[in-house]
Amino acid sequence: MKQRLNQIITTTLLTFAFTAQQSVAQSTAQTYEQLVEQALAAAAKDSIAQSEELFRQALATSPSDHRNALIHANMGKLQERSEKYEEALQSYTSALAIVPQSVPILTSRADLYLRLSNLREAIIDYGNIITYDPKNLHALKCRAFIHTKRKEYAEARADYSRVLEISPNDYVAQLSIAIICQATNKNTEAISRITLMIENFPDKAELYSIRAEMEQDAKQTELALLDLDKAIELEPDNKNYILARAYLHLESGNKFYAHRDFNRAIELGVPRASLKEELKKTR
C-alpha cells in the first residue's frame, strides 16, 4: 500500500513539473512574440531607439529561436536609419550566422558595404548572392559597378552582358558597356552602342552628351556640337551641357558662341569668377 502511494505521489509530481515547464515555455513564447510585435509597432512610428530595445529584449527572452535572424536583420535596418553603420553590419552578420543563404539579408549587408566604400567585402556578398540567385539583376549590376571602379573592365563587361541576357532592354547595362568600350579605347564600338541606345531612347539628353564626348575624343567636332545642341534642346537649363558646348566652341575658335554659352552657364549658377580666364579668351 505504501509503495503504491509513493508511485502516485511521484507520478503527480512529474506531471506537475511537466505542466509547469509547458506553462513557462508558452509564457516565454508569448512574451517573445509580444516583444517583437511591440518592436515592429515602434519602428512603424519611427521610435527607433524603443524598437531596437524591444528587439534586444526579445533576443534575450529566446536566444536560440531561429526567428532571431529576422530580429537581427530588422535591427540592422533600424541602425542604418540611425547612421550606426558598424552596428548595422554586426546585426546583419548575426542574422547571416543563422540563415547564411538569405539573399535579402546578404543584399542589405552588401549594399551597406558598398555605401561605406568597402568594395572588398561588398563584392564578396554580391558574389554569394549571384551564386544563390544567378538572375539577381541588382547584385549583377552592383558587382559590375565595383569591377568598373577597380578598372576590372573585362569582369564588369561580363556581368553587364549577363544582365542584358536576362533583361535585354536594361538601360544601365547598355550604357555601362558603352562607357567601358570608351574606357578601353574601343571608340568605334562605344559610339555605335550609344547610337543604338539613342534610337531606342531618343529623349535621353545624357546619351547625346555622352556621344558628344566620344565624338570629341575621336576629333569629330562638328558631330559633337550637333549632339550637344540636341542635349541642350532636351534640357535647356543643364549647365553641364552648356559648359561642355562652350568649351568645344572655344576650342574650335568660335568665340562668339563660346561667350554666349559661358554667360548662359553663369546665369544658371556657375560662379563668374571660375570662368574668368575663359571669358577673357572669348573677347
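A residue is called buried when its relative accessible area is under 20%. That cut-off runs through the legends below, which describe a predicted model.

Figure 1. The predicted model has 15 helices and zero strands. The chain holds 283 residues, and buried residues make up 40% of them. Take the contacts between residues at least 6 apart in sequence: 41% of these join residues at least 24 apart.

**Figure 2. Helix α3 is mostly covered.** Of the 14 residues in α3, 10 are buried. Which residues of α3 are buried? They are Asn 68, Ala 69, Ile 71, His 72, Ala 73, Met 75, Gly 76, Leu 78, Gln 79 and Glu 80. The helix covers residues 68-81. Its length can be checked with a simple rule. At 1.5 Å a residue, the 14 residues of α3 should span 20 Å.

**Figure 3. Glu 83 follows helix α3 with a positive phi.** Most residues other than glycine have a negative phi. Glu 83, which comes after α3, has a positive phi near 60 degrees. Glu 83 lies in the loop between α3 and α4, the latter covering residues 85-98. Is Glu 83 buried or exposed? Its relative accessibility is 58%, so Glu 83 counts as exposed, since the cut-off for exposed is over 50%.

**Figure 4. Lys 151 is another loop residue with a positive phi.** Phi of Lys 151 is near 65 degrees, and Lys 151 is not a glycine. Where is Lys 151 found? It sits in the loop between α7 (137-149) and α8. Lys 151 is exposed, with a relative accessible area of 61%.

**Figure 5. Tyr 171 and Phe 201 form an aromatic pair.** A search of the whole structure finds three aromatic pairs. In this one, the ring centres of Tyr 171 and Phe 201 are 5.0 Å apart. Their planes stand at 90 degrees, so the pair is edge-to-face; the cut-off for that class is over 60 degrees. Tyr 171 lies in helix α9 (residues 171-183), while Phe 201 lies in the loop between α10 (187-200) and α11 (205-217). The two residues are 30 apart in sequence, so the pair ties together separate parts of the chain. Tyr 171 is buried, at 17% relative accessible area. Phe 201 is partly exposed, at 22%.

**Figure 6. Phe 256 and Tyr 257 form an edge-to-face pair.** Their ring centres lie 5.2 Å apart, with 80 degrees between the planes. Phe 256 is exposed, with a relative accessible area of 62%. Tyr 257 has a relative accessibility of 39% and counts as partly exposed.

**Figure 7. A lysine charge sits over the ring of Tyr 171.** Which residue places its charged end there? It is Lys 204. The charged end of Lys 204 is 4.8 Å from the centre of the Tyr 171 ring.

**Figure 8. Helices α9 and α11 pack side by side in contact.** Two packed helices are described by the angle between their axes and the distance between the axes. The axes of α9 and α11 come within 11 Å and cross at roughly 10 degrees. The two helices are therefore roughly parallel to each other, because the class takes angles under 35 degrees. Which residues of α9 take part? They are Tyr 171, Leu 175, Ala 178 and Gln 182. On the α11 side they meet Glu 206, Leu 207, Ile 210, Glu 213, Met 214 and Asp 217.

**Figure 9. Ala 156 is buried in helix α8.** Helix α8 covers residues 153-166 and holds Ala 156. The relative accessible area of Ala 156 is 0%. Leaving aside neighbours within four places in sequence, Ala 156 is in contact with Ala 144, His 147, Thr 148 and Ile 180. Ile 146 is 10 residues away from Ala 156 along the chain, and their C-alpha atoms are separated by 7.8 Å.

**Figure 10. Asp 125 is a buried residue of helix α6.** Helix α6 covers residues 119-132 and includes Asp 125. Asp 125 has a relative accessible area of 3%. Not counting residues up to four places away in sequence, Asp 125 touches Leu 106, Arg 109, Ala 110 and Tyr 113.

How values were computed:
Residues are numbered from 1 along each chain as its sequence is written. This is a predicted model: local features need pLDDT of at least 70, side-chain atom pairs count only at pLDDT 80 or more; totals for chains, interfaces and linings use all residues. Side-chain values use heavy atoms; hydrogens and water are left out. Helices (H or I, at least four residues) and strands (E, at least two) are DSSP runs, numbered from the N terminus. The expected span of a helix is 1.5 Å times one less than its number of residues. Buried means under 20% relative accessible area, exposed over 50%, partly exposed in between (1.4 Å probe, protein chains only). Rings of Phe, Tyr and Trp (its six-membered ring) pair if their centres lie within 6.5 Å; planes under 30 degrees apart count as stacked, over 60 as edge-to-face and the rest as tilted. A charge sits over a ring if NZ of Lys or CZ of Arg is within 6 Å of the ring centre and within 35 degrees of the ring normal. Axes are lines fitted to C-alpha atoms, for helices over the stretch in contact, and angles run from 0 to 180 degrees between N-to-C directions. Angles under 35 degrees count as roughly parallel, over 145 as roughly antiparallel, 65 to 115 as roughly perpendicular and the rest as oblique. Contact means heavy atoms within 4.5 Å.
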